[in-house]
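Please look over the structure shown here before reading on. The report that follows is written for a reader new to it.

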Amino acid sequence: NQFLRAVEEARQQAISALKFSSNNSVGKAKEEAQKALARVTDAKDQQLLVDAVKLMFREPLDDIAGDGITDITKALRKQVSITRLRSTGLMAIPEYAIAMARNGAMATIKSLPNSRFFDLRSRSVEQDEFMTDWARSFSATGHQEYLFGSKFYNNSDFDDATKGKISNMINKMQGTAMNVTMTVNTFRSFQHGGEEMVARSIVSNLKDMVLKGKITPEVRSSLIKVGGLSEDQVGEMIAHFQARPDLDVFTSVRQMEPKLGDALSIAARNTIGSSFMRMGIGESVPYANREMGKIMTSLLNFTIGSWEKMVVRGIKSDGAAPLAAMFAGQSALALMSQYAYVHSRAAGMEGTERDKYIEKNLSDEGLFWGTFNRVGFLAAPALPLQMMSAARLLPEAIEASPTKAGVSKAGIPMLGMAEDILKATGSTADLVTGTWSDEYMSNKTREGNWKNIKRVLPWIDSPVYNFTLGQVD
């Protein structure tokens with residue numbers, strides 16, 4: 001709100017200055033002053049500044065009907081993510097194939113042992129020498145951005161000064177719940193750990209370049225086509241490193257000319273974002289940055305990102321052979337991800353139910369659909385099938401269910417959540433009534449009621465839950 005007041009004050013001062021200039025000018029100068037005055041009066045530049053800050057704070061670019069309704073829909077979107085994102089981390093496993101293709105298989109694999117996948121403590125990240133040097137010389141990985149976000153984004157909405165105590169309390173509670181969600185669903189482990197792995201492989205490639213005086217074709221291609229460096233900038237970078245062979249990579253980067261150093265930092269961020277499907281500010285479609293767009297595209301970031309970063313940019317930049325290699329690598333890792341997902345879900349089951357679940361989802365059909373849903377290149381082309389599933393136009397045999405892989409429904413997540421809450425409420429009432437009455441309830445019906453309730457509880461069926469509390473559930 002202080003920013004908004006400052007921008008508005010600057011606009012009023014600009015209007016006064018331009019009015020004076022328009023009234024005291026003649027000819028072309030007067031015409032230009034009038035055009036500038038019209039633009040400032042329309043507040044176009046002011047709105048661009050406001051929108052830019054909103055995007056940085058992950059806020060929608062417009063309101064549906066006012067701050068109150070927007071706050072409610074935002075809270076509902078957060079709750080959908082808290083409840084629905086149960087195994088998101090396993091979806092990131094196929095992205096490791098892209099990382100190896102972009103940064104070299106050996107450099108990426110060598111970085112695995114030193115990367116942080118399970119030690120997610122704040123102190124571990126903040127006191128790590130490599131992470132500190134990376135942040136000072138290049139940018140930030142997911143680990144660092146997540147810690148920053150948990151401190152500054154949670155309970156820091158763009159209009160938080162206008163919120164009451166209850167709204168701020170709900171916002172803070174949801175922020176804490178989201179932190180738990182992204183930990184127990186292993187997103188922080190596989191996604192953020194993978195980003196650190198890419199950062200380490202980038203530094204490893206730069207070290208090799210210092211020693212050998214040249215870079216491999218795949219790394220050069222990644223720096224140019226994905227990172228955005230020009231051929232001249234790559235040459236300048238190699239010459240810079242060769243002129244300082246005794247310096248470590250981080251120190252050498254910090255001594256680069258500002259323009260070249262900034263370009264290399266951007267290239268490093270672009271490489272991480274391309275390797276692990278990070279959607280930066282301005283990279284998603286404009287509609288998805290508006291509140292109604294956020295409502296409609298909740299949980300579809302992976303689909304949107306895969307189309308833009310894998311299919312569209314891949315065809316333009318990578319060519320057929322690298323794309324084929326990435327697709328094959330993703331398919332192989334997606335198969336491994338499906339095995340990991342099935343066994344993590346089965347860990348919370350018992351006896352016959354467990355055996356049937358594993359048999360169904362590791363059958364040829366189950367493996368096909370489980371792998372299909374995890375390959376990034378197929379995420380966007382599969383969207384029409386998901387829309388058909390939502391409209392009930394697909395055979396039931398290939399539709400996904402809580403116990404079977406298949407084509408999932410591309411509906412509005414908030415509406416699906418509301419439907420699940422109604423079912424859970426009815427199931428809760430049935431269980432309570434059954435407890436206090438003599439009415440018979442079969443075990444199958446009782447189990448179905450409990451499943452409806454678990455459907456709306458956060459963290460249930462996440463990998464961490466199933467291998468811990470799920471064992472005694």
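## Basis of the model

This is a predicted model, in which local features need pLDDT of at least 70 and side-chain atom pairs count only at pLDDT 80 or more, while totals for chains, interfaces and linings use all residues. Residues are numbered from 1 along each chain as its sequence is written, and side-chain values use heavy atoms, with hydrogens and water left out.

## Overall architecture

The protein has 26 helices and 0 strands. Helices (H or I, at least four residues) and strands (E, at least two) are DSSP runs, numbered from the N terminus. Along the principal axes, the C-alpha atoms fill a box of roughly 90 × 60 × 45 Å.

Of the 473 residues, 44% are buried; buried means under 20% relative accessible area, with a 1.4 Å probe and protein chains only. Among contacts (heavy atoms within 4.5 Å) between residues at least 6 apart in sequence, 73% join residues at least 24 apart.

## Helix α14

Helix α14 covers residues 231-242. Its 12 residues should span 16 Å at 1.5 Å a residue, and the end C-alpha atoms are 17 Å apart, which agrees. The expected span is 1.5 Å times one less than the number of residues.

The buried residues of α14 are Gln-233, Val-234, Met-237, Ile-238, His-240 and Phe-241. Seen down the helix axis, these buried residues fall within an arc of 160°, so they line one face of α14. The arc is that of the directions from the helix axis to the C-beta atoms. An α-helix has 3.6 residues a turn, so residues three or four places apart point the same way. The cover over the buried residues of α14 includes α12 (187-212), α13 (217-226), α15 (249-254) and α16 (258-275).

## Glu-399

Glu-399 sits in the loop between α23 (383-390) and α24 (413-436). Glu-399 is buried, with a relative accessible area of 11%. Leaving out residues up to four places away in sequence, Glu-399 touches residues including Ser-389, Arg-392, Lys-404 and Lys-409.

## The cavity

A search of the whole structure finds 1 cavity of 30 Å³ or more. On a 1 Å grid over the protein atoms alone, a cavity is a set of points where a 1.4 Å probe fits but cannot get out, and lining residues have an atom within 4 Å of a point. The largest cavity holds about 90 Å³ of space, a volume being the space filled by probe spheres set on the points, which are joined across faces, edges and corners.

Among the residues lining the largest cavity are Arg-102, Asn-103, Ile-202, Val-219 and Thr-271. Helices α6 (95-103), α12 and α13 each supply at least two lining residues.

Methods:
Buried means under 20% relative accessible area, exposed over 50%, partly exposed in between (1.4 Å probe, protein chains only). On a 1 Å grid over the protein atoms alone, a cavity is a set of points where a 1.4 Å probe fits but cannot get out, and a pocket is an open set with protein on both sides within 12 Å along at least five of seven lines; lining residues have an atom within 4 Å of a point.
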